[in-house]
Amino acid sequence: MSTYLINHLRIPGGVPNEQGLTYLERVEETARPYGGRWLAQGEAEVVEGAWPGTVVLMEFPSREDARNWYDSPAYRAIRPLRIDNSISDMILVDGVGPDFTVAGFAQHVRSAGRRSEAP
């Protein structure tokens, strides 16, 4: 099952500095061996709440691949270039299966609640 990396990214001044540009030039080559690929990057249209900055959306074949990339020597070598020159909230979230429905999820939660209430 795919895992998605979402990075809520804020760059002071709005334009990457030299270190930030070096990070951007090198990051893709670190993700490629782990199946990482960019799905979206840029300004988000905020329809509720607040989201200052930009968003980066990446896909990895699995959570293990995403973690292995994040902890890889190649990425660890450049990670400070991002951390020291931007503000990031980065998360990993697993995708859903082909049969997933939100209504089905609600039913599952209801059923679990009933089971926990049973004497």
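**Pocket and sheet**

Modeller: By class, 14 nonpolar, 10 polar and four charged residues make up the lining of the largest pocket. Ala, Val, Leu, Ile, Met, Phe, Trp, Tyr, Cys and Pro count as nonpolar, Asp, Glu, Lys and Arg as charged, and the others, Gly among them, as polar. This is a predicted model, where local features need pLDDT of at least 70, side-chain atom pairs count only at pLDDT 80 or more, and totals for chains, interfaces and linings use all residues. Residues are numbered from 1 along each chain as its sequence is written, and side-chain values use heavy atoms, without hydrogens and water.

Colleague: What makes a space a pocket, and what makes a residue part of its lining?

Modeller: On a 1 Å grid over the protein atoms alone, a pocket is an open set of points with protein on both sides within 12 Å along at least five of seven lines, and lining residues have an atom within 4 Å of a point. The largest pocket holds about 500 Å³ of space. Of its 28 lining residues, L9, I11, L24, Q41 and V56 are the closest to the centre.

Colleague: Which element gives the most to that lining?

Modeller: Helix α1 (18-31), with five residues. Helices (H or I, at least four residues) and strands (E, at least two) are DSSP runs, numbered from the N terminus.

Colleague: Why are β1 and β3 called a pair?

Modeller: Two strands pair if DSSP finds at least two bridges between them; β1 and β3 have seven, in the antiparallel sense, so they count as paired. The open sheet has the order β2-β3-β1-β4, and β2 and β4 are its edge strands because each pairs on one side only.

Note on methods: On a 1 Å grid over the protein atoms alone, a cavity is a set of points where a 1.4 Å probe fits but cannot get out, and a pocket is an open set with protein on both sides within 12 Å along at least five of seven lines; lining residues have an atom within 4 Å of a point. Grid points are joined across faces, edges and corners, and a volume is the space filled by probe spheres set on the points.
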